[in-house]
Each structure stands twice: as C-alpha cells, then as structure tokens.
Amino acid sequence: MKKAYIRKTLLAAMIFLLASAPPLRAQLQKINMTYLYAGNTSIYINNVDRADSEIQIVCPDYFELYSNGNLKILPKADTAFVDAMHNRNISVTPFLTNNWDRTLGRAALANRVSLAAQIVSAINQYGFDGINIDLENLTDVDRANYTDFVRLIRESLPSGKMISIAVAANPYGVYYGWAGSYDYAALGQLCD
C-alpha cells in the first residue's frame, strides 16, 4: 500500500513538472546551416537569397588541403561574400574538406599544430565566423589525433568564433572504421 502511494505521488509530481515546463521545442533554438559548393560568390548569394531568410549559417567550399597537410585556401574565398552574408545576419563558417582522401586527412592530422594556426589565421584574415570541419574516411586509428586537432583550433579561436564538425551518424555507438574516427563525447565538448 505504501509503495503504491509513493508511486502515485511520484507520477503526479512528474506530470505536474512536465505540464508546467515549456514545451521542449520552445526551449531549443532552430538553426539552419547549409553547405555551399561548386559555385562562386554570385551563385552563392543567389542561393542564400532563395532560401528566404531561413539560413543562419553558410559553409562555403573555401578550404582544402595540400598533400603536406597545410591549408589550401581556394581562390574563390571572398570577403565580399562574407560582407554580403553579414549584412543578412548570416554567419560564414567555411568547411575544410579532405574530399574523402584518407591520405590527405592523415597528413592534416599529422600537421595539426600548424594547420590549426593556419585556419585561425584565415578566419581572422577573411572575417569568417568560424570553421566547419569535414574530414572524412578516417578510422578509429585517427580518433585521438582528430580530437586533438579540434582542441587546438578551439583553444586558438578568438572568442565568439564557432567550430562545427560534420560527423557520421552513429546510432549504435560503433568505435571502429569510419564512424570510429570521431570521439563524439569529446568533440561535443569542443564544438558549438
């Protein structure tokens, strides 16, 4: 009898708390981010404008890697685009890609101290709002170096600049192969 009373009291308290709390959806801020690639400044601006103010962050294809793991800033990187996006209250976080090339990704991680400094320098030079990292086709062997690379960027980024990462969906908690290259818990503490 006493256990039933306690269960009913706890259930009533939980229902009261859930009913009095604002809906979860109201607590979350909706953010729309999009990648922009295979275009130029005018195409990118046109595509963003077609989204009718629904985008908060754009990730243009401005960063790749040289074979030695250094940052390759593509010629299309454009401060006029950054200014146009800022005038629309849109953040610009170019994405860094290895184009699914494991050798390039591993070269980047081997050169992570220098690469992190190069990325931060480019963010400051172009007025970017941060970086989106999209290094893919690495494995669980690369997990620690990948996390350290993100940590180095986070520690060097000026206040207010963001870092995000494209990661593999991993609903089963796989720790090997491609999905194994991400330490989801650690990266979650380092990224926005």
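The crossing of helix 6 and helix 7 is right-handed (the near helix being turned clockwise from the far one by less than a right angle) in this predicted model, where local features need pLDDT of at least 70, side-chain atom pairs count only at pLDDT 80 or more, and totals for chains, interfaces and linings use all residues. Residues are numbered from 1 along each chain as its sequence is written, and side-chain values rest on heavy atoms, without hydrogens and water. Helices (H or I, at least four residues) and strands (E, at least two) are DSSP runs, numbered from the N terminus. In helix 6, Arg112, Val113, Leu115, Ala116, Ile119 and Val120 meet Asn145, Asp148, Phe149, Leu152, Ile153 and Ser156 of helix 7, contact meaning heavy atoms within 4.5 Å.

An open sheet of three strands has the order 1-2-5 with parallel pairing, two strands being paired if DSSP finds at least two bridges between them. Strand 1 (residues 33-36) is joined to strand 2 (residues 57-60) by four bridges, and Tyr35 stands opposite Cys59 in strand 2. Two bridges link strand 2 and strand 5, also in the parallel sense, with Val92 in strand 5 as the bridge partner of Val58. Together, strand 1, helix 3 (residues 41-50) and strand 2 form a right-handed β-α-β unit; with the strands pointing away from the viewer, the path from the first strand over the helix to the second runs clockwise.

Several asparagines lie in loops. Asn170, between strand 8 (162-165) and helix 8 (184-190), counts as buried because its relative accessibility is 19%, the limit being under 20% relative accessible area (1.4 Å probe, protein chains only). Its side chain reaches the backbone nitrogen of Val174 at 2.7 Å. Beyond neighbours within four places in sequence, Asn170 is in contact with Ala179 and Tyr184. Asn137, in the loop between strand 7 (130-134) and helix 7, is buried at a relative accessible area of 15% and has a positive phi near 65°. Asn99 also shows a positive phi, of about 50°, although it is not a glycine; Asn99 lies in the loop between strand 6 (95-97) and helix 5 (102-110).

Key. Buried < 20%, exposed > 50% of the residue type's maximum accessible area, 1.4 Å probe, protein only. Polar contact = N/O pair within 3.5 Å; in protein donor to acceptor, adjacent residues only side chain to side chain.
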